[in-house]
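Please look through this model with me. My notes are set out as numbered points, for reading beside the structure.

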Amino acid sequence: MNILEYVGLDTTRVKAQYEKVRRAIERDDFRQAEVKKLANVTHGRFYRAKLDYANRLLFSIVRHGGTTYALMLEVIEQHAYDRSRFLRGAAIEDDKIPAIDAASAAADAAPVRYVHPDRREIHLLDKVISFDDAQEAVYRLPPPLVIVGSAGSGKTALTLEKMKHTEGAVL
C-alpha cells in the first residue's frame with residue numbers, strides 16, 4: 001500500500017514509532033501495526049494504528065486509479081480520540097474496536113479524483129486534495145496573489161487551502 005501524508009501531520013514526538021508503523025502499513029502488514037477500524041464514526045472511514053502504549057496514528061484508506069493509499073492524518077496522543085481534529089469528538093473505546101486486515105481495508109477505500117504521482121503531501125478541505133505541479137507552485141508563492149484559471153482548475157480549493165495557512169488579514 002502506498003503512503004500519503006496530510007500536510008498538518010506532526011510526528012516529531014513519535015518519529016521512530018511512526019516510521020516503524022508506516023513501513024508495516026506499506027507492506028500491508030496491518031497485524032504488526034495493530035490496525036483497527038473505527039466503526040462507530042459516522043462521518044468518514046478511519047483506521048488507527050498503534051504507535052506505542054499511549055499513542056495512536058489515525059489514517060484513512062483512499063484509492064486513485066488502481067492504486068490504494070494509506071492517508072496518514074494525525075497522531076492521537078494519550079488515547080485522546082475526543083481531541084482529534086478529524087473525529088469531531090467521537091467517543092472511541094480503544095479496546096472495543098475490531099482489528100482489520102489490509103485487503104478488507106483496501107476493498108473499502110474511498111475514491112479520490114487525483115493523486116500527484118511523485119508527492120506524498122495531501123491537503124484536506126471537505127475532500128482530499130493533491131495539487132498538481134502548477135497548483136503547488138502557486139500554493140508556495142507568498143501573498144498577495146491574483147489567481148486566474150478556467151472553471152474546474154482548482155482556484156477555489158487552492159485559495160481556501162492557502163488561506164488556512166496564511167496569518168493575519170487575508171482578504
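1. Start with the largest pocket, which has a volume of about 910 Å³. A pocket, on a 1 Å grid over the protein atoms alone, is an open set of points where a 1.4 Å probe fits, with protein on both sides within 12 Å along at least five of seven lines. Grid points are joined across faces, edges and corners, and the volume is the space filled by probe spheres set on the points. Lining residues have an atom within 4 Å of a point.

2. This is a predicted model, in which local features need pLDDT of at least 70 and side-chain atom pairs count only at pLDDT 80 or more, while totals for chains, interfaces and linings use all residues. Residues are numbered from 1 along each chain as its sequence is written, and side-chain values use heavy atoms, with hydrogens and water left out.

3. Strands here are DSSP runs of E, at least two residues long, and helices are runs of H or I, at least four; both are numbered from the N terminus.

4. By class, the lining of the largest pocket has 15 nonpolar, eight polar and seven charged residues. Nonpolar covers Ala, Val, Leu, Ile, Met, Phe, Trp, Tyr, Cys and Pro; charged covers Asp, Glu, Lys and Arg; the others, Gly among them, are polar.

5. Now turn to two helices. Helix α3 (residues 133–140) packs against helix α4 (residues 155–164) at an angle of about 35 degrees, and their axes are 10 Å apart. Axes are lines fitted to C-alpha atoms, for helices over the stretch in contact, and angles run from 0 to 180 degrees between N-to-C directions. The crossing of α3 and α4 is right-handed. That term applies if the near helix is turned clockwise from the far one by less than a right angle; anticlockwise is left-handed.

6. What makes the contact between α3 and α4? Helix α3 brings Q135, V138, Y139 and R140, and helix α4 brings L158, E161 and K162. Contact means heavy atoms within 4.5 Å. These residues divide into three nonpolar, one polar and three charged.

7. Check the backbone next. Most residues other than glycine have a negative phi, and most peptide bonds are trans. P143 and P144 are joined by a cis peptide bond, with omega about 5 degrees. P144 lies in the loop between α3 and α4.

8. Q78 is not a glycine, yet has a positive phi of about 55 degrees. H79 also has a positive phi, near 60 degrees, and is likewise a residue other than glycine. Q78 sits in the loop between β5 and α2 (102–107), and H79 is placed in the loop between β5 and α2.

9. Is Q78 buried or exposed? Q78 is exposed, at 58% relative accessible area. H79 is partly exposed, at 32%. Buried means under 20%, exposed over 50%, and partly exposed in between, using a 1.4 Å probe and protein chains only.

10. Look at D108 in the loop between α2 and β6. D108 is partly exposed, with a relative accessible area of 25%. Leaving aside neighbours within four places in sequence, D108 contacts K37, R45 and Y47. D108 and V62 are 46 residues apart along the chain, and their C-alpha atoms are separated by 8.4 Å.

11. N40 belongs to the loop between β2 (36–38) and β3 (46–50). N40 is partly exposed, at 45% relative accessibility. Beyond neighbours within four places in sequence, N40 is in contact with A91 and I92.

12. Last, find R85 in the loop between β5 and α2. R85 is partly exposed, with a relative accessible area of 46%. Setting aside neighbours within four places in sequence, R85 is in contact with Y6, E74 and K164. R85 and P98 are 13 residues apart along the chain, and their C-alpha atoms are separated by 22 Å.
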